Amino acid sequence: MNTKALTEIDYFHIRDKIASYCSTQDAKKILLERVPFTDYKKIDESKNLGRECENFLSATSSYGLKSYESINPFFSIIKTDGMNLSLEQVKVIADFITSVKSIKKSVANASEKIEIPLLVERIQKLPDFSEAEKLIFRIITPDGILRELPEIVAIRKEIASLNAKLKNIMHKIITDPKYQNILESNVPVLKGDRQVLAVKAGLQNKINGIVHEVSQSGKTCFIEPQEAVLCSNSLVQKENELEIIIKKILTELTAALRPSIPFFKEAIPLMAEIDCSMAGAKWGAENKCVYALDCKNEAPLLIKARHPLLGKTVVPIDLRFEKNTNVLIITGPNTGGKTVSLKTFALFSMLNQSGFPVPAAEGSRLPVFDNVFADIGDDQSLEQSLSTFSGHMKNIAEAVNHATSKSLVLLDELGSGTDPQEGSAIAMAVLDELIERKSFVLVTTHLGVLKNYGYTNSSCENASVEFDVSSLSPSYRIIMGLPGESHALDIAQKNGLPQKLCKAAKNFIATEQTDVSALIRGLNRKHVELNKIQKVAEKKENDFLQKKERLDSREENLRKLELNIKKEKMQELDDFLIHSRRQLENLVRTLKEGEITREKTLGVKKFISDLTEDITNLEQKIQREEDNLLQKKKTSHPSSNKKTKKKISNAEALEFARVNDYPHSAFSTGAESENDEQPEVLTYAPGIRVKSLPSGVEGIIISKDKKDSWQVQFGSVKMSVKEKNLEILENQSGGNSGLHSSDSNSDNYDKAYYSTDFSTDEKPVFELRLLGCRAEEAVKLLEHQIDLCVLNNFTSFSVIHGTGEGVLKQVVHDYLSHCPSVKDFSFARAEDGGFGKTYVTMV
């Protein structure tokens with residue numbers, strides 16, 4: 001990776017900050033040396049482990065990974081015969097073992113609640129240090145203090161006894177009255193690990209002992225009394241013996257730990273890997289980060305990205321790249337956030353390739369680059385005789401010469417630092433070369449020529465930083481697809497340039513430039529409007545997808561239920577057939593044996609009767625199951641709650657009417673009048689064709705209704721009409737008179753239903769209320785309403801049936817399902833009655 005470019009985008013700054021979250025020195029050292037990976041497998045593995053660490057930290061209150069120093073330097077001591085670890089070094093190894101044990105326990109407990117397979121895999125690879133743990137903690141406590149072992153208890157008692165004796169000797173001399181005027185101090189002093197007394201110079205001969213030291217002033221001598229000398233000598237000897245014993249114990253422990261070296265070396269990188277991932281997850285949680293998705297075949301996407309160095313004042317940005325677009329040209333005002341946007345994308349890409357989370361929203365996607373090249377800022381150098389333009393060219397040349405199809409190239413203020421016309425030409429030539437190499441390029445510029453270049457080149461996309469004209473300040477938001485104005489004059493005036501100069505500068509701007517600025521402003525307004533429309537459309541699409549998912553789930557459950565019911569019914573039918581077959585075989589066998597008697601005949605009849613009854617019961621049971629399933633389907637899909645209509649031909653309806661209403665009417669197909677040759681006098685009677693006055697609608701009299709009224713069938717509508725409003729048709733052979741036959745007119749009346757009586761001047765209602773009605777009353781009222789709708793060309797109405805036990809609702813829907821005059825019906829919207837109300841649409 002290009003170290004200079006990584007420095008320019010602040011990668012090392014953020015990496016070092018993440019390293020500070022490590023609990024161990026080994027992990028911190030690894031992170032401080034980490035550079036972005038280019039291997040896809042390594043990147044995915046690091047991010048997946050980081051995601052699991054993030055879940056682990058959020059699910060457990062105890063981290064489990066304890067802090068410890070590196071134990072790598074101790075291996076050379078352990079390997080060497082006769083060498084021994086110090087107590088402090090043994091304590092570091094003990095901390096490492098404790099940390100391994102602790103993290104294994106914490107991960108194992110967390111794995112029972114959450115899915116963390118990669119972490120579980122790591123801890124399962126960690127060796128068992130139980131033997132080394134026993135050896136170490138037999139000698140020291142968890143705090144690193146040497147335990148009271150049997151071999152050192154006795155000598156420590158002797159040392160304690162000698163210390164007490166020495167203390168008594170000193171106390172005896174200090175408290176002796178004859179020495180009060182000799183001593184400078186009543187407190188013994190340590191000199192060279194020996195207790196001595198401060199004695200006035202010139203009086204040192206008053207105390208028998210050894211002079212260890214004289215003060216610089218020469219007024220004080222430090223004397224060790226003769227009695228204390230013997231005691232101190234014994235104490236030094238015993239302490240030396242103790243050190244020898246401790247060294248022997250530590251030497252034996254060091255040798256005993258030698259076989260564990262391979263296990264330590266195996267555990268160290270595993271522990272460091274876990275700690276590195278935990279550090280990234282802790283930093284990510286503190287900065288509200290997510291682990292970016294892989295782009296695969298999709299375009300890069302950053303949602304609400306926040307540069308981590310900008311703190312709480314940062315404004316999140318969205319970068320939505322189009323597919324097959326390799327170059328993004330960002331334009332807009334100074335201090336508007338162009339360079340920050342450039343750095344944010346590059347930094348996030350490198351953090352993602354390092355296995356770290358990025359401060360963005362879920363759904364962000366980032367590609368993998370093999371290298372990054374950057375020309376950001378001013379590389380002017382007096383020492384190297386580099387001008388601003390030369391510095392830019394040096395960086396751009398490196399990118400052009402080494403970039404590949406997998407490289408990321410950042411070009412800040414491309415084409416600046418020289419003549420604008422020549423700079424624009426160089427910029428377009430550079431972009432052409434990078435596009436040919438298929439590199440991924442992010443460019444910031446103020447050159448209008450490059451804005452046009454972005455529009456005319458299919459591999460490029462324009463973007464701009466938003467500028468608030470009212471406050472004359474940038475909003476730091478990115479608008480994809482549109483170039484931006486530089487607003488140099490507005491910013492100059494805001495920063496103190498005299499208004500007179502700004503006005504003069506405006507007069508120098510060509511008309512063409514003004515037109516382009518107006519065009520850009522118009523495009524920005526359209527873009528804002530389009531964004532609003534897009535957000536509404538996305539919300540509707542999400543709602544639709546969620547609803548479709550719920551309906552698909554319900555439909556799947558219903559299919560499973562239907563399949564289970566079919567299986568159960570098939571099993572019942574199989575059982576029924578097997579049982580019936582056995583009975584039939586027994587019956588046949590009985591009939592073959594001997595003569596057919598009355599008892600055998602009765603037995604056959606009883607078998608047939610029982611079989612018929614069983615079949616009927618089974619059919620009824622299946623029908624009930626189907627009805628229940630149909631009811632569940634209607635509940636799952638209330639908007640399409642329409643049953644399949646059972647079509648009844650006019651011939652069937654007429655036959656039904658002949659049998660039930662007027663068995664001896666003019667519709668009879670029996671013998672014709674014996675006096676065919678005599679002229680027939682037509683009178684009002686069942687079967688007579690009539691027309692309604694004054695509408696002229698033709699129909700057939702069905703039956704006598706009241707004294708002066710008749711039941712008349714008008715097409716698919718039956719109604720009561722007063723005789724004075726009817727006129728007998730002269731031609732009784734055509735039209736509806738042949739309803740009982742299969743002539744061509746039957747197609748006009750292929751369905752029939754029966755309605756209640758009503759007056760011809762009644763009108764249908766917009767809302768039919770059936771609450772409180774019995775089923776029979778509700779059906780009659782519904783028939784009446786539909787008849788009125790047909791006569792008055794009424795297209796729709798609603799029925800209030802309530803929910804209750806669902807009887808009225810079922811009756812209404814059953815009737816509407818078979819009614820030919822009804823085109824469609826459905827439950828009302830939730831705010832208009834929901835399942836307690838039905839909308840009806842007429843044919």
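Residues up to four places away in sequence being left out, N462 is in contact (heavy atoms within 4.5 Å) with L328, I329, L450, K451, G454, Y455, M480, G481, L482 and P483. The structure is a predicted model, in which local features need pLDDT of at least 70, side-chain atom pairs count only at pLDDT 80 or more, and totals for chains, interfaces and linings use all residues. Residues are numbered from 1 along each chain as its sequence is written, and side-chain values use heavy atoms, with hydrogens and water left out.

N462 lies in strand β13 (residues 460–468); helices (H or I, at least four residues) and strands (E, at least two) are DSSP runs, numbered from the N terminus. N462 has a relative accessible area of 3% and is therefore buried, where buried means under 20%, exposed over 50% and partly exposed in between (1.4 Å probe, protein chains only). Its side chain reaches the backbone oxygen of K451 at 3.1 Å.

The largest nonpolar core contains 72 residues, and those with the most contacts inside it are I71, I93, F96, L119 and I136. Helix α6 (residues 87–111) supplies the largest share of this core, 10 residues. A nonpolar core is a set of buried Ala, Val, Leu, Ile, Met, Phe, Trp, Tyr and Cys residues joined through side-chain atoms within 4.5 Å. Apart from its neighbours within four places in sequence, F96 contacts Y68, I71, F129, F264, A267, I268 and M271. A second, separate core of 49 residues includes F321, I330, L351 and I478.

K304, in strand β6 (residues 301–305), has a phi of about 50°. N324 has a phi of about 65° and lies in the loop between β7 (317–320) and β8 (327–331). N324 counts as exposed because its relative accessibility is 67%.

The protein chain has an average pLDDT (the predictor's confidence in each residue, from 0 to 100) of 80, and 82% of the residues score at least 70. Among the elements of the protein chain, the highest mean pLDDT belongs to helix α2 (residues 11–19), at 95, and the lowest to helix α20 (residues 650–660), at 39. The pLDDT is below 50 over residues 380–385, a stretch with 5 contacts in the model beyond near neighbours in sequence. It is also below 50 over residues 511–515, where 1 contact is present in the model beyond near neighbours in sequence. Where pLDDT is low, the predicted coordinates should not be read in detail.

Technical notes
A polar contact is a pair of N or O atoms within 3.5 Å; within protein, one must be able to donate a hydrogen and the other to accept it, and residues adjacent in sequence count only if both atoms are side-chain atoms.
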